[in-house]
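Here is a short walk through a structure that may be new to you. Have a look at it first, then read on.

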Amino acid sequence: MLDVSVAYNRYKFLGYEYLTWLWFVMEKDQEKIRALAPEAVSLEIGNRIVLENKTTDAPESITITGDDAGLEEGMLALRKGAIVTELNLLLKTGEQQWQFTLKGEGLHFAGFKTPPTGPVESREDLEGAVLEKAYLCGRAIQCMDKLFKTFITLRVSEEWRRKVVPRIKQWMHA
Amino acid sequence: MGLLSRSVAITRYRVEGKLKAPILDAMARCLKEHTISEIDGDVSDKAVGWTSFDRPFDPDFEGSSFVIGDYFVFSLRIEKRAIPPKLLKKHCAMEKAKRLADSGRQYLSREEKNMIRDHVRNVLTLRIPATPYVHDLIWSYEDASLLFLSAQKSAGEELEALFLRTFNLSLIRLFPYTTADLTMGLSGQERDVLLKLEATNFSE
């Protein structure tokens, strides 16, 4: 395998493309999300998107925040060549909800909120809460792994260039 | 950031290699050998070590206290002491003035100024308490996966270095390339394609 620090910088774009593809899939193909991850009733954009346009001489960063923020500026930025670098997501299954920001560069999570765990009053409660938290974190992570696997399998196939990219461009310019 | 906090940050790792059996004994021995040392009362400006998840300021790795269900759960603790530059400057100026007054001279040599600076730094270090930073982790030994409850680059680097020193096992951070290459079950041919990928231009 490549040196880790070289690989981190060389392939940052994969994380950004993943988040851009994810936005496209959420907008155009919720059925696909349900098919890939049956445990996810829905995956929606939360309260924050960060985009960066590195195609210009002076790279631009566009941040859209707020629970009811319009995404028109984000779409405009995409049309001008920006890509998504951070995405806040709402994952819902039944009555449970997870919210987290996925960072494209490192594929790590920030502000990761799971459904609440039980109160801790004793050592047994603590162990139970840890196991519950680990389980809840794991469910959301597994769901995102399935989506990443779909993305990366497409990305290393001819289908990416032939079908997926044209559809994403069509969506951006619709 | 605590595992049971309402909101957490998560960085994912893959653990390369296995401990020698019996695993629980090896874990306890390694964790005890690299338990955080208190630096209050000495002149160190930083300490890094393991601590107990449920007792971060009174670590205890006896028995299987670090085992919860199928997971190893413990914490990285970093103690840092930083002397504010303006405080250092003030006390150096006071010490220099005192030295000049005592000796009746008008100037101090560069060597004397350096000695005063080192002396003042040591004195202040002993007086300023270290600030603790605790980052929990969950290690699923069978899955060779580890969740580190922090997204700070510096904390991640400390974790990777201490983990290797402690267990003689490498941690590979899972970012886009390593996630794709190591955990997604790509074929050899797909991994070759992955290696050659270039960024997509969506605006063309």
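This is a predicted model: local features need pLDDT of at least 70, side-chain atom pairs count only at pLDDT 80 or more; totals for chains, interfaces and linings use all residues.

Residues are numbered from 1 along each chain as its sequence is written, while chains are lettered from A and ligands numbered from 1 in the order in which they are written.

**Chain A at a glance**

Chain A has 6 helices and 5 strands; helices (H or I, at least four residues) and strands (E, at least two) are DSSP runs, numbered from the N terminus. Reading from the N terminus, the order is α-α-α-β-β-α-β-β-β-α-α. Its C-alpha trace spans about 60 × 40 × 35 Å along the principal axes. Of the 174 residues in chain A, 35% are buried. Here, a residue is buried if 20 or more other C-beta atoms lie within 10 Å of its own, exposed if 12 or fewer, and partly exposed in between, with C-beta atoms placed from the backbone.

Let's pick out helix 4 (residues 72-79) of chain A, where Gly74(A), Ala77(A) and Leu78(A) are buried. Looking down the helix axis, the buried residues fall within an arc of 100°, so they line one face of the helix. That arc is taken from the directions from the helix axis to the C-beta atoms. The buried residues of helix 4 pack against strand 1 (42-53), strand 2 (60-65) and helix 6 (158-172) of chain A. Just after helix 4, Gly81(A) has a positive phi of about 110°.

Then there's Phe24(A), which sits in helix 2 (residues 12-28) of chain A. Phe24(A) counts as buried because 20 other C-beta atoms lie within 10 Å. Neighbours within four places in sequence aside, Phe24(A) is in contact with Ile168(A) and Trp171(A); contact means that the C-beta atoms of two residues, placed from the backbone, lie within 7 Å.

**Where the chains meet**

How many residues does each chain bring to the contact? Chain B brings 36 residues and chain A brings 42 residues. On the side of chain B that touches chain A, helix 5 of chain B gives the most, with 6 residues. Strand 5 (residues 109-113) of chain A also pairs with strand 1 of chain B in the antiparallel sense over 2 bridges; pairing takes at least two bridges between two strands, as found by DSSP. Within that, Ile10(B) in strand 1 of chain B is the bridge partner of Phe109(A).

| Residue | Phi | C-beta neighbours inside 10 Å | Class |
|---|---|---|---|
| Leu107(A) | about 55° | 23 | buried |
| Ala144(B) | near 55° | 17 | partly exposed |

Leu107(A) is in the loop between strand 4 (96-103) and strand 5 of chain A, and Ala144(B) is in the loop between strand 5 (131-140) and strand 6 (145-148) of chain B. One more spot is in chain B: the peptide bond from Ala21(B) to Pro22(B) is cis, with omega near -5°. Pro22(B) lies in the loop between strand 1 and helix 1 (23-33) of chain B.
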